[in-house]
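Hello,

Here is the structure I said I would hand over. My notes on it follow below.

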Amino acid sequence: MADKKKTDPKKRPFRKYTYRGVDLENLLDIPSEEFMTLLGSRTRRRFNRGLKQKPMSFIRKLRAAKMAVVEGGKPKVVKTHLRNMIAVPEMVGSIVGIYNGKAFNEVEIKPPMIGHYLGEFSISYKPVLHGRPGIGATASSRFIPLK
């Protein structure tokens, strides 16, 4: 009986991703108007007003990069400055270089990112590290010239 437990490891079920109750496979198949009804008001308004030339060319580049990939490989990185672009189901699996003002941070678009702005995944500032003394913090940290 102890041997049986060693040979049969406990399998965890794969969790299917759903976006507001719709499976990822269905998200890819539904028309964009129906997908817009699943989004929040701000992103729905953005899509209702239409995508301009830059976001559309970005999506075309992502499609081309996905089509050019060999079986089992990852697509080529597509660089962009469009931090205000909203991640759509078509982008899932793509690798995007998001500009943060200094460098392009490579981000693989995953299903939980759908409906979020690309800029949320590429931090544009260096977080403050509180509690470390610096120049002007105390009298003991003032500048002392070398002779």
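Start at S124. Leaving aside neighbours within four places in sequence, S124 is in contact with R83 and N100. Contact means heavy atoms within 4.5 Å. S124 lies in the segment after β5. Helices (H or I, at least four residues) and strands (E, at least two) are DSSP runs, numbered from the N terminus. S124 is partly exposed, with a relative accessible area of 46%. For accessibility, buried means under 20% relative accessible area, exposed over 50%, and partly exposed in between (1.4 Å probe, protein chains only). Y99 is 25 residues away from S124 along the chain, and their C-alpha atoms are separated by 8.3 Å.

Two points on provenance. This is a predicted model, in which local features need pLDDT of at least 70, side-chain atom pairs count only at pLDDT 80 or more, and totals for chains, interfaces and linings use all residues. Residues are numbered from 1 along each chain as its sequence is written, and side-chain values use heavy atoms, with hydrogens and water left out.

Now the overall layout. The chain has five helices and five strands. Along the sequence, the pattern reads α-β-β-α-α-α-α-β-β-β. There are 147 residues in the chain, and 28% of them count as buried. Take the contacts with a separation of 6 or more: residues 24 or more positions apart account for 45% of them.

Next, the strands. Two strands pair if DSSP finds at least two bridges between them. Strand β3 (residues 78-80) runs parallel to β4, and three bridges join them. In that pair, K79 stands opposite G97 of β4. β4 also runs antiparallel to strand β5 (residues 104-108), with five bridges. Here G97 stands opposite E106 in β5. The hairpin of β4 and β5 has four residues between the strands, and G101 takes a positive phi near 105 degrees there. How enclosed is strand β4? Four of its five residues (the strand covers 95-99) are buried, so β4 is largely enclosed by the rest of the structure.

One backbone angle to check is at R20. This residue is not a glycine, yet it has a positive phi of about 50 degrees. R20 is found in the loop between β1 (18-19) and β2 (22-23). R20 is exposed, with a relative accessible area of 55%.

On to the core. A nonpolar core is a set of buried Ala, Val, Leu, Ile, Met, Phe, Trp, Tyr and Cys residues joined through side-chain atoms within 4.5 Å. The largest one has 28 residues, and those with the most contacts inside it are L27, F35, F58, M91 and L118. The elements giving two or more residues to this core are α2, α3, α5 and β4. α5 provides the largest share, four residues.

M91 is in contact with F58, I59, L62, K66, M85, I86 and I109, leaving aside neighbours within four places in sequence. L118 lies in the segment after β5 and is buried, with a relative accessible area of 0%. Not counting residues up to four places away in sequence, L118 touches F58, T80, L82, R83, M85, A87, V96, I98 and I109. L118 and V107 are 11 residues apart in sequence and 8.9 Å apart in space, C-alpha to C-alpha.

About 360 Å³ of space lies in the largest pocket. Of its 16 lining residues, the closest to the centre are S32, F35, F47, V88 and E90. α2 (24-29), α3 (32-38) and α5 (53-67) are the elements that give two or more residues to the lining. The largest share, four residues, comes from α3. By class, the lining has 12 nonpolar, one polar and three charged residues.

The pocket terms are these. On a 1 Å grid over the protein atoms alone, a pocket is an open set of points where a 1.4 Å probe fits, with protein on both sides within 12 Å along at least five of seven lines; lining residues have an atom within 4 Å of a point. Points are joined across faces, edges and corners, and a volume is the space filled by probe spheres set on them. Ala, Val, Leu, Ile, Met, Phe, Trp, Tyr, Cys and Pro count as nonpolar, Asp, Glu, Lys and Arg as charged, and the others, Gly among them, as polar.

Best wishes
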